[in-house]
Amino acid sequence: MGPGFWPVTLGLAVLSVAAIVFWYVTPLQIIMPPVGAQPGKDIDDLLMFMLASGSALYIYVVGYIVYFMIAYRAKPEDGPDAIGVQVHDSTVIEFWWTLLPTVFVVLLSVLSVRIWYGIQVAQPANGLVVESIGHQWYFTFRYPQIHGEVKDEMHLPVGQPIVLNVASTDVIHSFWVPAFRLKADMVPGLINTIRFTPTTIGRYPIVCTEFCGTRHGMMSALVGEPNGTKNSGAQWLVVDSKADYEKWYHAQQVANANESDEIPTVSTGTVNLTGGVAAAGQTTFTAKCSACHAVGPFTQKIVGPGLKGVLHDPAHPKLVDGNPATPENVAKILQQGFKGDMGVMPNQAANGITDKDIANLVAYLNSLK
């Protein structure tokens, strides 16, 4: 093995044990938020095992490389054709360097598949099925026996197994709650599912981790607008006590009693603008439009132009599609969408708005003078 091999091996063993102890006594909370759901604790345990075993393996591999570089380095008295020590057909060495990695990989696979099965396959008893839908650039949520979609916050009861189905209405998003250690891609036309159980009451930020357009970075509850105000995509997952969850749930049932359960689609024909309510349109604008449009002059662009006075601006008598700035033509763009030099304006299905929403939005825009 060369001079000093066993003392070096002993030294590497001491360093490896020290590394393992370091990872198991150092709390992960210094780099990650406290766990708020299962299997988050199991995922952290798996991560600790990987950090500890990986550090030990790294110390041995690098340590032996350095040792052999020194022990078998070329010496000044060696000739130009000198050949190093040749080791062939050592069945003992080959046995151990095959067995140990195999045992490690099998163990890691068993631990990983056990956690994966609980997240992706196992069906929890009495699980609450909830849906989250990604939009540019915010999330909405659907609950059994609550009409329509819930916005702003996702509420869940503590200790209740959850089956969360996620999808998207436009581009690929990603649903991530760092404290839960769980993430799922939100893909148009595809439903992905994750299963977990909230264990700690609190408010947890929801973050989109898939680049989804110019306002992707704002789909995080940890990010505010430059002026310090809450951004429209800042949404939270709130874990309530069972009593508080029931109170919130019934309040949402009342608030959404008249909402439609249908997924919005592109309507055909002309949208009826009669009865549009400006106040309701302002609420819809904040939720659906403020990510791309400011309530300011035409030149105050985010993605699209500012819309203050869009129907009353003599300097811009035409809309981006070249048609006159009339309520009917604004409704047409909201209904059918538009693609131009500034980018893509999603149609009403992609934006998740109904004909009534369009009427309200037009009424609100008409009130901005």
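**Helix, pockets and rings**

Let me start with helix 8, residues 355-367, which has 13 residues and reaches 19 Å from its first C-alpha to its last, close to the 18 Å expected at 1.5 Å a residue. Please keep in mind that this is a predicted model. Which residues of helix 8 are buried? They are Asp357, Ile358, Ala359, Asn360, Leu361, Val362, Tyr364 and Leu365.

Rolling a probe the size of a water molecule over the atoms shows where empty space is left. The largest pocket has a volume of about 1,300 Å³. It is lined by 34 residues, and Phe5, Tyr64, Phe68, Ile93 and Trp97 are the closest to its centre. Helix 3 supplies the largest share, nine residues. By type, the lining of the largest pocket divides into 24 nonpolar, five polar and five charged residues.

The second largest pocket has a volume of about 750 Å³. Its lining has 38 residues, with His293, Gly304, Pro305, Val320 and Met345 nearest the centre. Here the elements giving two or more residues are helix 5 (278-288), helix 6 (327-336), strand 11 (338-340), strand 12 (343-345) and helix 8, where we began. This second lining divides into 22 nonpolar, eleven polar and five charged residues.

Now the aromatic side chains. The count comes to 18 aromatic pairs. Take Phe5 and Trp6: their ring centres are 5.0 Å apart and their planes are at 80°, so the pair is edge-to-face, the cut-off being over 60 degrees. Are these two residues buried or exposed? Phe5 is buried, with a relative accessible area of 8%, whereas Trp6, at 62% relative accessibility, counts as exposed.

Another pair is Tyr60 and Tyr64. Their ring centres are 6.0 Å apart with planes at 35°, so this pair is tilted. The two are four residues apart in helix 2, so about one helical turn separates them. Tyr60 is partly exposed, with a relative accessible area of 27%.

Last, charges over rings. The charged end of Lys183 sits over the ring of Trp176, 6.0 Å from its centre. Arg203 has its charged end over the ring of Trp236, 4.8 Å from the ring centre.

Terms used: Residues are numbered from 1 along each chain as its sequence is written. This is a predicted model: local features need pLDDT of at least 70, side-chain atom pairs count only at pLDDT 80 or more; totals for chains, interfaces and linings use all residues. Side-chain values use heavy atoms; hydrogens and water are left out. The expected span of a helix is 1.5 Å times one less than its number of residues. Buried means under 20% relative accessible area, exposed over 50%, partly exposed in between (1.4 Å probe, protein chains only). On a 1 Å grid over the protein atoms alone, a cavity is a set of points where a 1.4 Å probe fits but cannot get out, and a pocket is an open set with protein on both sides within 12 Å along at least five of seven lines; lining residues have an atom within 4 Å of a point. Grid points are joined across faces, edges and corners, and a volume is the space filled by probe spheres set on the points. Ala, Val, Leu, Ile, Met, Phe, Trp, Tyr, Cys and Pro count as nonpolar, Asp, Glu, Lys and Arg as charged, and the others, Gly among them, as polar. Rings of Phe, Tyr and Trp (its six-membered ring) pair if their centres lie within 6.5 Å; planes under 30 degrees apart count as stacked, over 60 as edge-to-face and the rest as tilted. A charge sits over a ring if NZ of Lys or CZ of Arg is within 6 Å of the ring centre and within 35 degrees of the ring normal.
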